Amino acid sequence: MEITKAEFVKGVIGDDYSLGNDMPQAAFLGRSNVGKSSVINSLVNRKNLVRASKTPGKTREANFFLVNDMFYLIDFPGYGFAKCSQKDRDKLIKRILWYIQYAEDKPEVVLLIIDIKVGMTVLDMEMIKTLKENKHEVIIVANKIDKLNQKEEAQKISEIEKGVPGFHVFPYSAKTKKGREKLLSEIFEYFK
Ligand code: GDP
C-alpha cells in the first residue's frame, strides 16, 4: 500500500477529537525532537506536510490529516518540549493522556515515536503504561537508526524491547527512509 493523498483537515487545542464521522484514526505521539514530524513527512512522501513542533504556535495543536480518504492521521504536539514552561508541559501530557483514555473515537493504532539512541524516557514509559491500561494497539517506532551501525541497532532494539515487554519496536530512519515499506504495511493492516 502507498499513501497517495494526505490533506490537512483541522487543528485541535481542546479535547474535541471527533469529526463527527466514523473515519478511523492513527495517532502519532512522541517526545519533542525524536523526529516525529520527519517520520510523518517521510511516510506521506511530503517534505513539509507536518511542520516541526519547534515552529512557533505549532506546539500546542493536535493536527488531523486525512490520508487516502481512508483514515485520519493525528499528529500530537511533541511532549517534553524544553522551551515550554513546566506548567505547559504538564498540561500537554495531561491532554494526550486524556485522549488515550477518554476520547470518543479510539484510534485503531497509536504510533509512539522514539529516538533509538535515547530509548524510552520516563515520559514515554508513562504513555506506554496508559496505552496498555487502555488496551490500545501500539507500534513503537525507533527513529534515527541511520546514526547507528547494524550491530548497534540490533543491540539497542533488543535493549528497548526488554524494557517494554509485549511491545514490538520498529527500527526506522526518516532520513534514509529505511523501514518505510514495512512500517506502511504494518499501519495499513489496521485499516483494511
Ligand atoms: P519532532 O520535534 O519530533 O517533530 O522532530 P523533527 O522532525 O523536527 O526532527 C528533529 C531533529 O531530528 C531534526 O534536526 C531532524 O533533522 C532530525 N531527524 C529527524 N529524523 C531523523 C532521522 O531519521 N535521522 C537523523 N539522523 N536525524 C533525524
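User: Which atom of the ligand does a backbone N or O atom of Ala-174 lie 2.9 Å from?

Analyst: An oxygen atom. Here a polar contact is a pair of N or O atoms within 3.5 Å. Asp-146 has one too: a polar side-chain atom sits 2.7 Å from a ligand nitrogen. Before going on: this is a predicted model, where local features need pLDDT of at least 70, side-chain atom pairs count only at pLDDT 80 or more, and totals for chains, interfaces and linings use all residues. Numbering runs from 1 along each chain as its sequence is written, and side-chain values use heavy atoms, with hydrogens and water left out.

User: How many of the residues of helix H1 are buried?

Analyst: Buried means under 20% relative accessible area, with a 1.4 Å probe and protein chains only. Helices are DSSP runs of H or I, at least four residues, and strands are runs of E, at least two, numbered from the N terminus. In H1 (residues 36–43), 7 of the 8 residues are buried, so the helix is largely enclosed by the rest of the structure. Lys-36 and Leu-43 are among them. The cover includes strands E2 (25–30) and E5 (109–115), along with helix H5. Just past H1, Asn-45 takes a positive phi of about 60°.

User: Which residues line the second largest cavity?

Analyst: A cavity is a set of points on a 1 Å grid over the protein atoms alone where a 1.4 Å probe fits but cannot get out; lining residues have an atom within 4 Å of a point. This lining is Ile-3, Phe-28, Leu-43, Phe-71, Leu-73, Leu-184 and Ile-187. Strand E4 (71–75) and helix H5 (180–188) each supply at least two lining residues.

Notes: On a 1 Å grid over the protein atoms alone, a cavity is a set of points where a 1.4 Å probe fits but cannot get out, and a pocket is an open set with protein on both sides within 12 Å along at least five of seven lines; lining residues have an atom within 4 Å of a point. Buried means under 20% relative accessible area, exposed over 50%, partly exposed in between (1.4 Å probe, protein chains only). Contact means heavy atoms within 4.5 Å. A polar contact is a pair of N or O atoms within 3.5 Å; within protein, one must be able to donate a hydrogen and the other to accept it, and residues adjacent in sequence count only if both atoms are side-chain atoms.
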